[in-house]
Amino acid sequence: MTDTNTPAASPKCGVVAIIGAPNAGKSTLVNNLVGQKVAITSAKAQTTRARMMGIALADETQIILVDTPGIFAPRRRLDRAMVSAAWEGAEEADAIVLLVDPIKQRRHELEPLVEALSNRPERKILVLNKVDKAKKEPLLALAQDLNDKVAFEEVFFVSALTGDGVGELKEYLASLMPEGPWHYPEDQVSDASERLLAAEITREQLYRQLHEELPYDSAVRPESYTQRDDGSVEIRQQIVVGRESQRPIVLGKGGQRIKSIGEEARKELAEVLGQKVHLFLHVKVDERWADDKEVFEEMGLDWGK
């Protein structure tokens, strides 16, 4: 009887960079490919320095998914570091997936990506998202238009939300991965990655609830991550904003906004971690946080760009 928990004799392992305009659905697609609500692990030197990753398994193949930050025109050091992390993830990848939202399209952000991709040597795959909502004729026309500009090896039509078409995409990506040992254990997520994941989930709530009121110059810093004896976990985080005028925006009237951010993040974390979560948030004003090397390293970004 064979042990089904170990990879086959010829394991395969590779990196797939998923790029796209901001809010194209990259995180949702990564979650769906992984098969659970985000399996994120800290970056390891031998794979990629990009900030967030999910790991998908397909039989004997391990696919390391680099969920790159949205690529945009960088203005500040932080912006440059995020864009640099995104392209570094692509440079070290065995394949690049361009994910496009055919409904919003965001042409002003999509066109520079398409232009940059056209000259790159990596194998490129076009994935059009939201097929459950998009009309067929414009979808096919968009696919043809993008194919005329970039030599995509394959085009997939998926719904990252419902999972439609994602299985076929995963199978194809697995076929592109080179032979080699797995970089990560089959089911292990390190404590460091859970700290990062927890900060990312809070940051997501911060943007979701304050996207119009709060500029993107804010960060969530992990302070402590402690397993309690009763099987729950205590997580303390700091929300850093650049100006004093932003503190009341995050707090909300009578502290209601930060309470709502904390409640939603805690619920999602409890689901992801599979244990009870005690989440404590506080706001700090630091005008120079975006020039703080330590903050960059906590986020897995390269300071030197």
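R247 counts as partly exposed at 28% relative accessibility, where partly exposed sits between buried (under 20% relative accessible area) and exposed (over 50%), with a 1.4 Å probe and protein chains only. R247 pairs up with E244 in a salt bridge, meaning a side-chain nitrogen of Lys or Arg within 4 Å of a carboxyl oxygen of Asp or Glu. By this rule the count comes to 8 salt bridges.

Keep in mind that this is a predicted model: local features need pLDDT of at least 70, side-chain atom pairs count only at pLDDT 80 or more, and totals for chains, interfaces and linings use all residues. Residues are numbered from 1 along each chain as its sequence is written, and side-chain values use heavy atoms, leaving out hydrogens and water.

Here are some of the pairs:

| Salt bridge | N to O distance |
|---|---|
| R247 and E244 | 3.0 Å |
| K267 and E264 | 3.3 Å |
| K149 and D145 | 3.7 Å |

K267 and E264 sit 3 residues apart in helix α8 (residues 256-273), about one turn of the helix; helices here are DSSP runs of H or I, at least four residues, and strands are E runs of at least two. K267 is partly exposed at 47%, and so is E264 at 32%. Shared partners also link E111, D145 and K149 into one salt-bridge network.

Now for the inside. The largest nonpolar core has 26 residues, and V16, I18, L65 and I125 touch the most other members. Such a core is a set of buried Ala, Val, Leu, Ile, Met, Phe, Trp, Tyr and Cys residues joined through side-chain atoms within 4.5 Å. Helix α5 gives the largest share, 6 residues.
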